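Biologist: I have not looked at this one before. Can you walk me through it?

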Amino acid sequence: MFKEDENILICGAQKIGVDLHKEQINKFSRYLELLTQWNQKINLTSLKTPREIVIKHFLDSISCIKIINKYSDAKRPSVIDVGTGAGFPGMPIKIVYPYIRLTLLEARKKKVVFLEKVTEEINFQQVKIINGRAETFGKDANHRERYDLAISRAVARLNVLSEYCLPLVRVGGLFIAQKGRSYKEEKEKGFKAIQVLGGELVGTERVRIPFINQERFLLVIKKIKATPQKFPRKEGLPQKRPL
């Protein structure tokens with residue numbers, strides 16, 4: 001990582017309220033290296049410059065941390081990142097908070113291979129990578145209602161995403177969805193799905209990403225009762241026929 005990009009990472013994290021130490025900076029640097037190298041072979045991100053990746057992936061992901069701290073009461077939370085892609089937001093959160101028990105769920109095998117490489121190179125502990133769809137794992141007894149926290153970024157609209165994520169969250173746990181400017185419309189359309197799936201919207205947090213004029217809205221949903229057994233529906237149905 002060039003010094004300029006490293007400074008952006010350090011200063012940006014400080015603006016969010018996170019002070020990075022040397023080992024964490026080194027891990028972000030290696031992650032950036034791998035992401036840039038692998039992106040030449042498989043499509044991991046449309047962002048091309050290190051500066052863009054640092055701001056729009058690393059800092060954007062780190063912005064979840066204050067919200068997790070504010071709402072979660074778990075000391076060593078089990079976290080599942082649904083539709084993680086190249087590891088966002090899960091891996092940057094893991095670098096900052098190494099004590100979380102992280103599961104990365106990704107449907108595309110090529111991206112899973114990349115995630116496995118990053119996990120090996122950065123020597124992550126307590127990271128599990130699973131290849132498949134949320135509809136399948138939401139029915140699996142090893143994953144259904146097993147997590148303190150589900151997080152997801154830019155995977156689907158809230159009414160669809162809720163059916164992917166809430167079945168994975170334990171009663172009392174949280175589902176945090178990172179959203180952009182369309183969050184109000186998504187909230188309105190997502191209320192019914194959230195209620196049906198056992199959730200309750202308990203917070204909407206606005207976060208400004210440093211160095212760019214963009215805001216993120218983190219929708220915080222608490223699991224207040226068990227998800228009915230018929231959810232999630234079979235593969236593809238949440239997207240085709242949203243609740």
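Predicted model: local features only at pLDDT ≥ 70, side-chain atom pairs only at ≥ 80, totals over all residues.

Biologist: Fine. How many helices and strands are there?

Modeller: The protein has 10 helices and seven strands. Helices (H or I, at least four residues) and strands (E, at least two) are DSSP runs, numbered from the N terminus.

Biologist: And the overall dimensions along the principal axes? What are they?

Modeller: The C-alpha trace spans about 50 × 35 × 35 Å. The radius of gyration is 17 Å, close to the 18 Å that the globule rule gives for 243 residues, so the protein is as compact as a globular protein of that length. That radius is taken over C-alpha atoms, and the globule rule is 2.2 Å times the number of residues to the power 0.38.

Biologist: What percentage of the residues count as buried?

Modeller: Of the 243 residues, 57% count as buried. Buried means under 20% relative accessible area, exposed over 50%, and partly exposed in between (1.4 Å probe, protein chains only).

Biologist: On to the sheet. What is the strand order?

Modeller: The order is β3-β2-β1-β4-β5-β7-β6, in an open sheet of seven strands with mixed pairing. β3 (127-131) and β6 (199-209) are at the edges with a single partner strand each, so one side of each has no neighbour in the sheet. Two strands pair if DSSP finds at least two bridges between them.

Biologist: How do β2 and β3 pair, parallel or antiparallel?

Modeller: Strand β2 (residues 101-106) pairs with β3 in the parallel sense, over five bridges. In one of these places, Leu102 has Val127 of β3 as its bridge partner.

Biologist: Which strands does helix α8 touch?

Modeller: Helix α8 (residues 158-165) packs on the sheet and touches β1, β4, β5 and β7. The direction of α8 makes about 145° with that of β5. Helix α4 lies across β4, β5, β6 and β7 (214-223), and runs at about 145° to β6. Axes are lines fitted to C-alpha atoms, for helices over the stretch in contact, and angles run from 0 to 180 degrees between N-to-C directions.

Biologist: Now the inside. Which residues touch the most other members of the largest nonpolar core?

Modeller: Tyr31, Phe58 and Phe114 do, in a core of 54 residues. Helix α2 (residues 22-38) gives the largest share of this core, seven residues. A nonpolar core is a set of buried Ala, Val, Leu, Ile, Met, Phe, Trp, Tyr and Cys residues joined through side-chain atoms within 4.5 Å.

Biologist: What is Phe114 in contact with?

Modeller: Beyond its neighbours within four places in sequence, Phe114 is in contact with Tyr31, Leu34, Leu35, Trp38, Ile42, Leu44 and Ala86. Contact means heavy atoms within 4.5 Å. There is also a second, separate core of 27 residues, and its members include Ile130, Ala134, Phe137 and Val160.

Biologist: How many salt bridges does the structure hold?

Modeller: It holds 21 salt bridges, each a side-chain nitrogen of Lys or Arg within 4 Å of a carboxyl oxygen of Asp or Glu. One of them joins the side chains of Arg30 and Glu121 (2.9 Å, N to O). Arg30 lies in helix α2 and Glu121 in helix α6 (residues 109-122), so this pair ties together parts 91 residues apart in sequence.

Biologist: Are Arg153 and Asp60 a pair too, and are they buried or exposed? Where does each lie?

Modeller: Their side chains meet in a salt bridge (2.7 Å, N to O). Arg153 is in strand β4 (residues 147-153) and Asp60 in helix α3 (residues 50-62), 93 residues apart. Both Arg153 and Asp60 are buried.

Biologist: Last one. What does Pro228 touch?

Modeller: Not counting residues up to four places away in sequence, Pro228 touches Arg144, Val196 and Leu197. Pro228 is in the loop between β7 and α10 (237-240), and at 32% relative accessibility it counts as partly exposed.

Key. Residues numbered from 1 in each chain as written. Heavy atoms only, no water.
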